[in-house]
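Me: I have a model open and want to learn to read it. Where do I begin?

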Amino acid sequence: MTAVVAPRRERTASQRYRHSLWLLTKRDLQVRYTTSALGYVWSILDPLLMSAIYYFIFVIVFNRGTHAEDPYIVFLMTALLPWTWFNGSMNDMAKAFIRDAKLIRSTSIPRSIWIMRITLSKGIEFLLSLPVLVIFVVITQFTSTPAHIHWQAVYSILAIALEAVLIIGLGLIIAPIVVFFRDLERAIKLVLRLLFYLTPIVYGIDRFGKHNVIKLLLDFNPLTGIVTLYRSSFFSGQLDWSAVIISAAEAIVILGIGILLFRRNMRAVLKEL
Amino acid sequence: MAQPGMLSTAASTADKPVIVANDLGIQFKRNRRHRRSFKDLFAESSRRARPDEFWALRNVNFSVMPGESVGVVGRNGQGKSTLLKLVADVLIPDEGRVAVTGGVAPLIEITGGFVDDLSVRENVFLTAGLHGMSVQEIESRFDEIIDFADIGDFLDTPYKHLSSGMRVRIAFAVISRLEEPILLVDEVLAVGDRQFKEKCYKRIDELLASGRTMFFVSHSEADLLRFCKRGIYLDKGKVILDGPIQEVVDRYNSDYK
């Protein structure tokens with residue numbers, strides 16, 4: 001056998017970063033999809049069940065009639081699927097360092113990878129759940145209120161980018177802090193539950209009048225603009241550029257704060273693990 | 001047999017140290033239960049409240065030349081593993097810095113990167129990949145790694161179903177195949193049966209013969225004398241003695257026996 005030690009191809013830092021990131025993301029997805037027989041189904045079951053519940057409550061029980069939001073099931077899912085990405089990421093961010101403590105203690109990988117890999121693996125799950133939306137869009141074609149895709153669907157790419165920035169920024173803030181305050185993990189779950197209703201998911205952004213207090217809260221929520229951007233694919237009337245601009249500005253500010261806090265706290269986090 | 005060739009980095013930088021610790025210091029909290037306040041997260045690092053902290057290492061200076069094998073000696077809790085972790089870049093110093101030229105193969109908590117739910121095969125690719133090996137490199141060494149760990153029949157078994165001995169064997173096999181010029185070893189040789197231990201010893205001998213630099217933490221005098229030429233004696237976070245290993249071991253023995 002010949003020696004293969006020959007001049008080792010030195011890889012740049014960014015190549016190594018991407019390689020490690022990809023390995024860890026793949027690991028997440030592998031674990032997710034190989035440990036349970038229903039792997040893929042599990043990841044779409046949550047948004048599917050939520051859609052079914054809200055559809056039941058609002059359409060069948062309360063018989064709502066805003067035609068602008070028909071077909072309601074598509075209206076729901078265009079916001080629920082991105083929400084599932086956000087929600088799942090935030091829950092995982094809380095455990096980002098604790099779950100992989102052993103690996104972090106023994107391998108020197110750029111520490112931000114632990115944030116990026118959650119964003120990426122949950123993002124891939126989000127993309128993989130989109131076919132479910134497509135199925136529902138097709139189904140509605142056979143009803144009295146078929147869904148129509150608009151050219152605004154291209155904005156979804158911007159929405160994905162903004163949501164990723166927001167998730168990374170919040171992750172950089174949350175992940176290190178939870179190492180010191182473990183009970184924050186529960187607090188995050190509560191805040192997320194609250195945030196769900198403060199984001200135009202089960203209702204539209206135009207639900208509240210201009211000088212409503214809830215409208216103010218909605219405007220301040222960085223998810224509002226992102227969700228309406230996704231939703232404009234099928235409901236162009238939902239598009240609200242001022243909300244999008246607020247979302248974008250907030251996401252960028254949060255990312256900035258995140259980078260700063262993450263750098264500042266890393267030394268203490270490593271000691272604590 | 002694959003012969004471990006001389007590493008190009010070792011030859012070209014023979015006159016420059018590969019590890020330089022400069023006034024290295026790190027402090028830990030004595031009382032781990034102490035609650036940090038939210039204020040600490042935003043305050044300047046110099047203005048932070050630091051109740052009950054102690055220096056695990058302070059004013060540590062040394063440099064290691066390529067090809068040197070250095071044994072770190074000291075009682076429990078005197079900063080040996082901390083020093084290794086600083087060199088491995090899994091801890092960040094509070095003072096000074098440690099400069100490491102070239103990659104590091106850390107035999108520290110070696111089973112850390114392995115995932116319970118994935119198979120042995122998947123785990124080998126994952127861990128070796130995280131340590132910077134490309135897929136082609138891993139593929140070309142895969143058989144060697146499995147042979148060394150001697151677990152050919154368990155390739156597709158989930159890692160969690162391996163015995164603890166097998167887990168350490170496969171982990172050692174992977175990390176010790178990394179083509180990094182610097183090897184950090186922390187007490188890992190204490191585990192495994194005698195037969196595997198012999199294999200590990202042989203492997204480390206091979207690595208040293210091929211020009212690797214080694215940083216070695218152990219409580220075993222025999223191991224230290226076998227592998228190391230130079231010793232660093234740590235006590236209360238300070239370097240007490242830095243010299244030939246025999247001298248260092250003698251000094252340690254006279255202090256604590």
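**Reading the sheet and the helical chain**

Reply: Begin with one residue pair. In this predicted model, B:Asn22 stands opposite B:Arg97 of β4(B).

Me: How many bridges join strand β1 of chain B to β4(B)?

Reply: Five bridges join β1 (residues 19-29) of chain B to β4(B), and the two strands run antiparallel.

Me: In what order do the three strands of the open sheet in chain B lie?

Reply: The order is β2-β1-β4 in chain B, with antiparallel pairing. β2 (53-64) and β4 (95-100) of chain B are the edge strands, each pairing on one side only. On average, neighbouring strands of this sheet are turned by 30° against each other, direction ignored.

Me: Now chain A. How many helices and strands are there in chain A?

Reply: Chain A has 11 helices and zero strands. Its radius of gyration is 21 Å, close to the 19 Å that the globule rule gives for 273 residues, so chain A is as compact as a globular protein of that length. The C-alpha trace of chain A spans about 70 × 45 × 30 Å along its principal axes. Buried residues make up 40% of the 273 residues in chain A.

Key:
Residues are numbered from 1 along each chain as its sequence is written. Chains are lettered from A and ligands numbered from 1 in the order in which they are written. This is a predicted model: local features need pLDDT of at least 70, side-chain atom pairs count only at pLDDT 80 or more; totals for chains, interfaces and linings use all residues. Helices (H or I, at least four residues) and strands (E, at least two) are DSSP runs, numbered from the N terminus. The radius of gyration is taken over C-alpha atoms; the globule rule is 2.2 Å times the number of residues to the power 0.38. A residue is buried if 20 or more other C-beta atoms lie within 10 Å of its own, exposed if 12 or fewer, and partly exposed in between; C-beta atoms are placed from the backbone. Two strands pair if DSSP finds at least two bridges between them. Axes are lines fitted to C-alpha atoms, for helices over the stretch in contact, and angles run from 0 to 180 degrees between N-to-C directions.
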